Amino acid sequence: MAKGQRPQRRGRKIDGWIILDKPPGITSAHAVGKIKRGLDAAKVGHGGTLDPLATGVLPIALGGATKMVPYVMDGIKLYQFTLKFGEARDTDDAEGAVIETSDNRPDDATIQVALSAFQGSIMQVPPAFSAIKVAGERAYDLARAGAPPDLAPRPAQIDRFDLIDRPDADHAVFEVASGKGVYMRSLARDLARAVGTVGHIAVLRRLAVGPFRIEDAVTLDKCINYDHSADCEPDLVKPVETALADIPALALTDPEVAALRNGMALSLIDFLGRIPATSSPGNGLVRGMAGHRFVVLGRLSEGLLRPERVI
C-alpha cells in the first residue's frame, strides 16, 4: 500500500439472497448500490435486470450467492404487463416518445387468436433501447444519440402468454412465463402489430424469478433502513441455497466435500442409493449438502459427479 493511502473498507461479509420488490423509477444497478450501502455488505450483485419503469422481483445476491446468479437467471420468469394500444413509443414502454399512432383497437377474440404465434420457441427483435452491444456500443446509447441500431432477431422461449384482463378498449393485461433474455417490451410491441395496431407497455411487474416469488419480496426501504444493532437479518436475507430450491439435494460425507472443494470428480458408483430419484444422471445438477448445510453445486455426467460451484 502506498504511503498515506488509506486501506480500502470492504464491508460486512453476508451470504444469501434478498428478494427485492424493486420500486419504479430506478435501475437495477441503483437498487444494488442502495442495498450495498444500507447493509454495509462487502459483495452484492443481482439476477435478472429490470427496466427502470418495471417493478417486482429482483433477486439480490450477497457474498457467496453471487456464484449462483447464472442459475437464477436460467430460471422461469413470470411477468404481468399492461399493453396500451394506439401509441408506439421509441422505447416500447411508457417512458419513450410517441413515434406512431393508430385508431384501431382489437377485440378479445382477435387478441386470443394472435397469442398462439407468440408461444413456444420464437424469434424476437430486442428493443432499440436495450443493453445489447453493437460494435462495442450499447444499443440504448446509439438510440439516445438518434441512431437506433437494426438489431437481429434472437431466440426467445415463451412458455405461457395469457390475456387476463381487459380494463377498456385501450388496454389489455397479460401474464407471461418465459425463459431468460426475453423482452416484454418486444412482446407487447409485436403483439400490437399482430392485431392490426401499435402499442407499448404501460405497466410492467415481475412476479417471479425461478424459486423467488413476489409474496416473499421485501421493500427497498426495509433494506436501506436496516438496523445493524438488531438481529433481523434472517428475516431479510435468505440462505444461499434458496436459489436452488428446485434442484435435488445429495447428501455428502466430509471426505466427499473435501474432494469436491478441491475440484475432484467423484464416481457415481460411490453414490448408489443416495442419488435423488428426481435428478438426471446423464446431465443433471444436484445440491451437495453436508448435513443441513449447502456446500457445492455439482453436475452428474458420464458416470461422475463434478463440482460446478463451491460455497
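A pocket here is an open set of points on a 1 Å grid over the protein atoms alone, where a 1.4 Å probe fits, with protein on both sides within 12 Å along at least five of seven lines. Grid points are joined across faces, edges and corners, and the volume is the space filled by probe spheres set on them. This is a predicted model, in which local features need pLDDT of at least 70, side-chain atom pairs count only at pLDDT 80 or more, and totals for chains, interfaces and linings use all residues. Residues are numbered from 1 along each chain as its sequence is written, and side-chain values use heavy atoms, with hydrogens and water left out.

Which residues line the second largest pocket? They are Y71, V72, D74, G75, G210, P211, A243, L244, D246 and I247, where a lining residue has an atom within 4 Å of a point. By class, this lining has six nonpolar, two polar and two charged residues. In this scheme Ala, Val, Leu, Ile, Met, Phe, Trp, Tyr, Cys and Pro are nonpolar, Asp, Glu, Lys and Arg are charged, and the others, Gly among them, are polar.

Now move to the largest pocket, with a volume of about 950 Å³. Of its 34 lining residues, T49, L50, D51, Y183 and R185 are the closest to its centre. Several elements give two or more residues to this lining, namely α1 (28-39), α2 (69-73), β4 (77-85), α4 (139-144), α5 (184-194) and β12 (199-209). Those labels follow DSSP runs numbered from the N terminus, with helices (H or I) of at least four residues and strands (E) of at least two. The lining of the largest pocket divides into 14 nonpolar, 10 polar and 10 charged residues.

Step back to see the whole chain. It has eight helices and 18 strands, and its C-alpha trace spans about 70 × 55 × 40 Å along its principal axes. Of the 311 residues, 47% are buried; buried means under 20% relative accessible area, exposed means over 50%, and partly exposed lies in between, with a 1.4 Å probe and protein chains only. Among contacts (heavy atoms within 4.5 Å) between residues at least 6 apart in sequence, 69% join residues at least 24 apart.

In α1, the residues S28, A31, V32, G33, I35, G38 and L39 are buried. An α-helix has 3.6 residues a turn, so residues three or four places apart point the same way.

Just after α1 comes D40, with a positive phi of about 55 degrees although D40 is not a glycine. D40 sits in the loop between α1 and β2 (44-46), and it is buried because its relative accessible area is 18%. D92 also has a positive phi, near 65 degrees, in a residue other than glycine. The loop that holds D92 runs between β5 (87-89) and β6 (98-101), and D92 is buried, with a relative accessible area of 7%.

A nonpolar core is a set of buried Ala, Val, Leu, Ile, Met, Phe, Trp, Tyr and Cys residues joined through side-chain atoms within 4.5 Å. The largest core has 46 residues, of which I18, F81, F161 and F174 touch the most other members. The helix α5 gives the largest share of this core, five residues. Leaving aside neighbours within four places in sequence, F161 is in contact with F81, L115, F118, Q119, F174, E175, V176, L187 and L191. A second, separate core has 24 residues, including Y71, I214, A243 and L297.

Beyond its neighbours within four places in sequence, S279 is in contact with P248, V286 and L300. R105, in the loop between β6 and α3 (108-115), counts as partly exposed at 32% relative accessibility.
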